Amino acid sequence: MRETKVCARPKGADFMPLKVTSIRTAPPFKLEVMFSDGIYGVFDAARLLEEPGSVSALRDRRYFAKVRLENGVPTWPNHFDISPQWLREEIESQGGLVLRETRRAR
């Protein structure tokens, strides 16, 4: 018998996909992002840039700085993009998530 896993949501809860609402780069290869739920975070992309493939263009700091948001998704001119959910999980694993109010208090 095959087991099926179901991801339950509370009744009446609307599903709102997580989006990045603002983004900017910081040296050397960091992304400062604000998520649609008001959480702010800084992602250090250094490990990501060690991977082979389409990220190789991003190793140039000027090219890395060309990141733009397309429908709430960080995207570069070569069409490499980062899922907002993955980005959020990575920032959290790096200890870089901050509530918006905490960020303003600096």
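## Before we start

Residues are counted from 1 along each chain as its sequence is written. As the model is predicted, local features need pLDDT of at least 70 and side-chain atom pairs count only at pLDDT 80 or more, while totals for chains, interfaces and linings use all residues, and side-chain values use heavy atoms, with hydrogens and water left out.

## The overall layout

Let's begin with the parts list. You'll find 3 helices and 6 strands here; these are DSSP runs numbered from the N terminus, with helices (H or I) of at least four residues and strands (E) of at least two. Reading from the N terminus, the order is β-β-β-α-β-β-α-β-α.

Of the 106 residues in the chain, 34% are buried (buried is under 20% relative accessible area, exposed is over 50%, and partly exposed is in between, using a 1.4 Å probe and protein chains only). Now take the contacts (heavy atoms within 4.5 Å) with a separation of 6 or more: 45% of them link residues 24 or more positions apart.

## A hairpin

Strand 1 and strand 2 form a hairpin, with 3 residues between them. The two run antiparallel and are joined by 6 bridges; for strands to count as paired, DSSP has to find at least two bridges between them. Across this pairing, I23 sits opposite V33 of strand 2.

## The nonpolar core

A nonpolar core is a set of buried Ala, Val, Leu, Ile, Met, Phe, Trp, Tyr and Cys residues joined through side-chain atoms within 4.5 Å. The largest one here has 21 residues, and L31, V33, F64, W76 and L87 have the most contacts inside it. Strand 1 (20–26), strand 2 (30–35), helix 1 (61–64) and helix 2 (84–93) each bring at least two residues to this core, and strand 2 gives the largest share, 3 residues.

In helix 2, the buried residues are P84, L87, R88, E90 and I91. They lie on the same side of helix 2 because they cover an arc of only 165 degrees around the axis, an arc taken from the directions from the helix axis to the C-beta atoms. On the other side, E92 and S93 are exposed.

What covers that buried set? The cover includes strand 1, strand 2, strand 3 (39–44), strand 5 (73–75) and strand 6 (97–99). Just after helix 2 comes G95, with a positive phi of about 75 degrees.
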